[in-house]
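Have the sequence and the 3D view ready.

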Amino acid sequence: MRIAVMGAGISGLSIANLLKKEHEVVVYEKQALTGGLIKCERVNDCLFHKVGGHVFNSKNQVVFDWFWSFFDKDKEFIKAKRNAKVYYNGKIIGYPIENYIYHFERTIAKKIIHELIDLEKEPYKAPFDYENFEDFLKGNFGETLFSEYFKPYNNKIWRTDLKEVAMEWLEGKLPMPNFRDIILSNIIKEEEGEMVHSTFYYPKVDGSQFIVNRLSQGLTIKTTDAGDSITLVNGKIVFNESEVFDKVVFTGNIKHLPIAFKKLLDNKVDTDGVDRLKSNGTSNLFCETDDNDISWLYIPENFTRAHRIIYTGNFSDSNNRGSARKTCVVEFSGEVDYEEMVNEIKKLPGNLTPIACNYEANSYVVQDKNTRILIQDVKDTLAPFGIYLLGRFAEWEYYNMDKAIEAAMELIKTIK
């Protein structure tokens, strides 16, 4: 078949590589820089992850093996230990925060422990027995730890009522708390080693853009916005009046489907519901910072709008090539202007100095209890016409790199 892939982020590049052995594939990317949410560029010869900081690991062996078929793991990548921390009450403490309750002020720590003891006596509830994300957090960590950390931090990122966040969305994304492990960690004071992605792989040079560039090799990629030119003619999908395809994989934002695809949804799908889907953009300030060994620093308190610092300069020395200091990305949820970000970083540790900034209008998706049903309706309506959805904003799923690849592998079965 002849197949068009719309979008050259990790989802588009993955599905294109999976399809190209048996089909003729053309990738369309409307941005000049390929890579989607994992794109990077050098500023003053330092590497700027323009939307966060992206690394690779996977517990899915099929995904793991497929990814490494494109790279030399030992020569081209660094294997690093995830060293996450929390900036709380003016101190840098360990992560996950429930294992470091002894760092809290004494009266707060006592309240947290007493609440955990009381919760341990309650009948067990599975994650999906909870109505929503807020009830889950309170039911597993107690009111005090919820109000001190989980509520302010998650409100910063998602900027939505946590009671509206569906638990199904969080499947596989959260380590389930264990009361005995929490107490033991606070007594023995050992570092957490069993977390999801406690180690990760990172390219020695050019970060996730290196991954993008390698996965792009051997593909036909056209940097043009073909969306408004698409028509459906005699069971085929036509781009620019001349490029004829049997099928299309759309990896962009489902709210911005080409007009020809949207018309197929009329009177069949709740298109107003699609338009109401919630998401947040992120503002990222690229900075120089003092030397440290942290990978991610989470900032729950409301003294600053920043919610985390990603120390990408610690992922590989080559990321700091143009500076005598380390580099990092300070992330803010929503659109924050440059001057405000510069003022905000004065409140943060590390003597941060700004280098560059970027705003991404769509980076975090937010699901409610109806989101997956709505997306499935769209998929079911478009699939008979040879149109498929894939990726974080096409499927409205919070995919990391490995989950995006896994989703592409699942889609292959449908397309075949």
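Two strands pair if DSSP finds at least two bridges between them. Strands (E, at least two residues) are DSSP runs, numbered from the N terminus. Keep in mind that this is a predicted model, where local features need pLDDT of at least 70, side-chain atom pairs count only at pLDDT 80 or more, and totals for chains, interfaces and linings use all residues. Residues are numbered from 1 along each chain as its sequence is written, and side-chain values use heavy atoms, with hydrogens and water left out.

Start with the open sheet: 7 strands run in the order E7-E6-E15-E16-E17-E14-E18, with mixed pairing. Strand E7 (91–94) and strand E18 (353–366) are at the edges with a single partner strand each, so one side of each has no neighbour in the sheet. Inside the sheet, E15 (residues 296–298) pairs with E16 (residues 306–310) in the antiparallel sense over 3 bridges. There, Trp296 stands opposite Ile310 in E16.

| Charged residue | Ring | Distance from ring centre |
|---|---|---|
| Lys125 | Tyr130 | 4.2 Å |

What about rings meeting rings? Rings of Phe, Tyr and Trp (its six-membered ring) pair if their centres lie within 6.5 Å; planes under 30 degrees apart count as stacked, over 60 as edge-to-face and the rest as tilted. The whole structure has 37 aromatic pairs. One of them, Phe48 with Phe286, is stacked, at 4.8 Å centre to centre and 5 degrees between the planes.

Terms used:
Helix = DSSP H or I, 4+ residues; strand = E, 2+ residues; numbered from the N terminus. Lys NZ or Arg CZ within 6 Å of the ring centre and 35° of its normal.
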